Amino acid sequence: MNTNKKELLKIENLQTSFFTKKGEIKAVDGVDLTIEYGETVGLVGESGSGKSTISLSIMQVLPQPAGKITGGKVWFKGENLLEKTKEDMRQLRGDRLSMIMQDPMVAMNPLLKVGYQLSETLKYHNTKTVSTSLKDRCIALLKRVKVPAPESRINDYPFQFSGGMSQRALIAMGIANNPELLIADEPTTALDVTIAAQVLGLMKDVQKETKASIILITHDLASIAQICSRVVVMYAGRIVEKAPINTFFKKPAHPYSVGLIRSVPVLGRKTDRLYSITGQPPSLLNPPKGCRFAPRCEKAYEKCFQQYPPETDLGGRHKVACWLFA
Ligand SMILES: Nc1ncnc2c1ncn2[C@@H]1O[C@H](COP(=O)(O)OP(=O)(O)O)[C@@H](O)[C@H]1O
Ligand SMILES: [Mg+2]
């Protein structure tokens, strides 16, 4: 047991690899992350930095046989999920722990009506008898995520839903059993900007109502600014910075975070050309021994290439792994 009244989830030194023909890809390489009750935390980083692998590791649904958790602990309400049986994990998934997948077109079964898929989620996890009929509960759920005319919509197939409506239906499935932890992996990537803002607004409302903790995975800082209270930045399998939202945007510490923020267009700020971080992230098959960002970092010096920087506590829940601050 590991108990702290504020902590819903505590990941300690998580290591997850994919074993491929080319070798071991260390997708998550020693990650520490704590999520408190009711927090909305944004997990940001370039594509391939290991964000999805963290969520698949928490849920224990890594692609098989390649994906394996090779070390660490994942405490959920004081119990290590990595010591749970497969059956225990099946019970927790979709119930206490819930994940909204990246692509709604893949996450829903195209051959089954939306209402049926919702009712299956409800049925599977509800052994207690419920007074309202399943159909009424499905309608109520779709109402909660603001799908118009839910009474008739439950009889639609997924292809009859627009992108935004599909994403709402997926959120409905995600919150069907009032989870305590909701992981949303790029929930708005496929949507246009206004619909994305609506879906995020909806997630925020749902969060207020259910008091669930949310991990929002995205490469979009605007989404994070809209609903998150804290940001965690990943680079090449490791967390390089953690900060409360205001601190992050006003005083980012890690040069990679500074680059990410600079590469977002700001209304009213005049620039000839939008900034972009040059170069590519390293291969996770054989990452460099020093700071993984060093080859792309304008401020890097000798030490950065030789040794991985320790995490420095800057105070106020702001932490950074960078030699400039160590
Ligand atoms: N099924 C898989 N087999 C092999 N490598 C994988 C697999 N899934 C992900 N990876 C690798 O793991 C790393 C992290 O991927 P991922 O967690 O999906 O990153 P992100 O979600 O941040 O884009 C990448 O290098 C990716 O190529
Ligand atoms: Mg991903």
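Guide: Sorted by class, the shell around ligand 1 holds 6 nonpolar, 8 polar and 1 charged residues. Here Ala, Val, Leu, Ile, Met, Phe, Trp, Tyr, Cys and Pro count as nonpolar, Asp, Glu, Lys and Arg as charged, and the others, Gly among them, as polar. Keep in mind that this is a predicted model, where local features need pLDDT of at least 70, side-chain atom pairs count only at pLDDT 80 or more, and totals for chains, interfaces and linings use all residues. Residues are numbered from 1 along each chain as its sequence is written, while chains are lettered from A and ligands numbered from 1 in the order in which they are written.

Of the 15 residues around ligand 1, the nearest are Phe18, Ala27, Lys51, Ser52 and Thr53; being near takes a C-beta atom, placed from the backbone, within 6 Å of the molecule. Strand 1 (7-20), strand 2 (23-36) and helix 1 each give two or more residues to that shell. Those elements are DSSP runs numbered from the N terminus: helices are H or I with at least four residues, strands E with at least two.

Helix 1 gives the most, with 3 residues. After helix 1 comes Gln60, with a positive phi near 55°.
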